[in-house]
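Biologist: I would like to learn how to read a structure such as this one, feature by feature. Could we take it slowly and look at each term as it comes up?

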Amino acid sequence: MPPIIDVADLRKTYAGAKQEAVAGVSFSVEEGEVFGLLGPNGAGKTTTIGTLTTRVRPSSGRVMVDGVDVVADPVAAKLRIAVVPQRANLDRSLSALENLTFHAAYFGYGRRERNRRAREMLAQFGLEGRGDDRVDNYSGGMAQRLIIARALMHDPRVLFLDEPTTGLDPQSRLFLWDQMEALIARGVTLLLTTHDMAEADRLCDRIAIVDHGKVIASDTPRGLRRLLPGSEGLELTLASATDPAPSLGGLGTSVDTEADGDEQWKARIYGENVEPSAAIAAAESAGARLVDLRRIEGTLEDVFVHLTGRDLR
């Protein structure tokens with residue numbers, strides 16, 4: 001079976017720009033997979049998603065979705081995909097039910113079928129009995145659930161989710177995660193962008209990390225963690241007036257420190273055989289006082305920062 005998404009040497013240069021926004025991105029996604037596309041702000045992932053969803057015309061390259069060239073036949077591509085945007089774009093002058101039925105009408109569903117599907121979606125997303133409410137009266141979590149319900153009204157093969165749980169309370173976030181897992185069980189392919197590394201780690205089968213317009217790493221979450229100089233080690237919280245990194249150097253394969261309040265530092269020492277006693281002795285010899293110590297395993301966030309750096313974008 002060919003991949004349901006196939007991106008080959010995708011490039012995009014905007015008019016007047018000095019460099020490419022996307023500079024040769026390639027990846028593929030298998031049917032029924034959850035694929036994460038991660039990257040810092042300005043890395044090129046928004047342009048990549050824009051091309052996949054027919055909103056951005058590429059400068060060159062090939063983008064196929066469910067066997068359709070999205071540039072050559074964007075109308076056919078739109079029938080196969082749906083997008084859950086980062087920012088709410090519901091029509092707030094309409095009721096929840098009307099938002100759903102108008103979407104279905106756009107895709108050619110008859111009145112009876114679109115009303116049936118709309119009520120089915122309202123029930124599925126915990127909005128039963130609220131279909132006649134105007135969406136102005138919805139909470140943020142309710143509005144986000146309605147946006148996902150609307151995206152599914154035409155039964156897409158591929159669902160693009162852009163930061164789907166940003167700003168949601170824990171209950172709403174867990175509910176949406178459950179709904180995503182239900183979609184996966186039905187065979188829907190999900191492409192997820194998120195800055196929540198725990199979310200990506202939990203949901204994604206594979207992840208591509210994009211930076212400066214290129215894919216710099218692509219693997220399973222576990223495989224990406226192996227890119228760290230050390231995938232496990234110690235984390236020390238130290239009371240110190242200065243950065244303790246120099247005193248800890250050489251204890252493991254790498255040392256990473258960051259300020260954690262007034263004259264307090266977090267120090268992560270990566271390595272499989274880092275001895276706590278040696279780390280404590282090294283810190284104390286430099287005048288630092290141990291506040292806390294724990295064993296750690298490298299996280300997806302550690303990988304992300306390791307590959308893309310700490311600088312603000």
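Biologist: Which side chain does Glu-120 meet in a salt bridge?

Modeller: As a general idea, side chains of opposite charge can pair when their charged atoms come close. Here the side chain of Glu-120 meets that of Arg-116 at 3.0 Å, N to O, where a salt bridge is taken as a side-chain nitrogen of Lys or Arg within 4 Å of a carboxyl oxygen of Asp or Glu. Both Glu-120 and Arg-116 belong to helix 4, four residues apart, which is about one turn of the helix; helices (H or I, at least four residues) and strands (E, at least two) are DSSP runs, numbered from the N terminus. Please keep in mind that this is a predicted model, in which local features need pLDDT of at least 70 and side-chain atom pairs count only at pLDDT 80 or more, while totals for chains, interfaces and linings use all residues. Residues are numbered from 1 along each chain as its sequence is written, and side-chain values use heavy atoms, with hydrogens and water left out.

Biologist: What other residue meets Arg-116 in a salt bridge?

Modeller: Glu-113 does, with N to O at 2.7 Å. Glu-113 and Arg-116 both sit in helix 4, which covers residues 111–124, and they are three residues apart, again about one turn.

Biologist: Which residue does Asp-155 pair with, and how far apart are the closest N and O atoms?

Modeller: Asp-155 forms a salt bridge with Arg-186, the closest N and O atoms being 3.6 Å apart. This pair links distant parts of the chain, 31 residues apart: Asp-155 is in the loop between helix 5 and strand 7 (158–162), and Arg-186 is in the loop between helix 6 (170–185) and strand 8 (189–193). With a relative accessible area of 44%, Asp-155 is partly exposed, and so is Arg-186, at 48%. Salt bridges also join into a network, whose members are Glu-235, Glu-258, Lys-266, Arg-268 and Arg-294, and the count by this rule comes to 19 salt bridges.

Biologist: Let us turn to helices, then; how should I read helix 3 and helix 5, and at what angle do their axes cross?

Modeller: In general, two packed helices are described by the angle between their axes and the distance between the axes. The axes of helix 3 (residues 96–106) and helix 5 (residues 140–151) come within 9 Å and cross at roughly 25°. Helix 3 and helix 5 are therefore roughly parallel to each other, a label that applies to angles under 35 degrees, with over 145 counted as roughly antiparallel, 65 to 115 as roughly perpendicular and the rest as oblique.

Biologist: Which residues meet where helix 3 and helix 5 come together?

Modeller: From helix 3, Ala-96, Asn-99, Leu-100 and His-103 meet Leu-146, Ala-149, Arg-150 and Ala-151 of helix 5, with contact meaning heavy atoms within 4.5 Å. By class, this contact has five nonpolar, two polar and one charged residues, where Ala, Val, Leu, Ile, Met, Phe, Trp, Tyr, Cys and Pro count as nonpolar, Asp, Glu, Lys and Arg as charged, and the others, Gly among them, as polar.

Biologist: How many of the residues of helix 1 are buried?

Modeller: Seven of the eight residues of helix 1 (residues 45–52) are buried, so this helix is largely enclosed by the rest of the structure. Among the buried residues are Lys-45, Ile-49 and Leu-52.

Biologist: My last topic is the backbone; where does a positive phi occur?

Modeller: Most residues other than glycine have a negative phi, and most peptide bonds are trans. Just after helix 1, however, Thr-54 takes a positive phi of about 75°. Glu-163 has a positive phi of about 50° although it is not a glycine; Glu-163 lies in the loop between strand 7 and helix 6 and counts as buried, at 7% relative accessibility. His-212 likewise has a positive phi of about 50°, and His-212 is found in the loop between strand 9 (206–211) and strand 10 (214–219), where its 60% relative accessibility makes it exposed.

How values were computed: Axes are lines fitted to C-alpha atoms, for helices over the stretch in contact, and angles run from 0 to 180 degrees between N-to-C directions. Buried means under 20% relative accessible area, exposed over 50%, partly exposed in between (1.4 Å probe, protein chains only).
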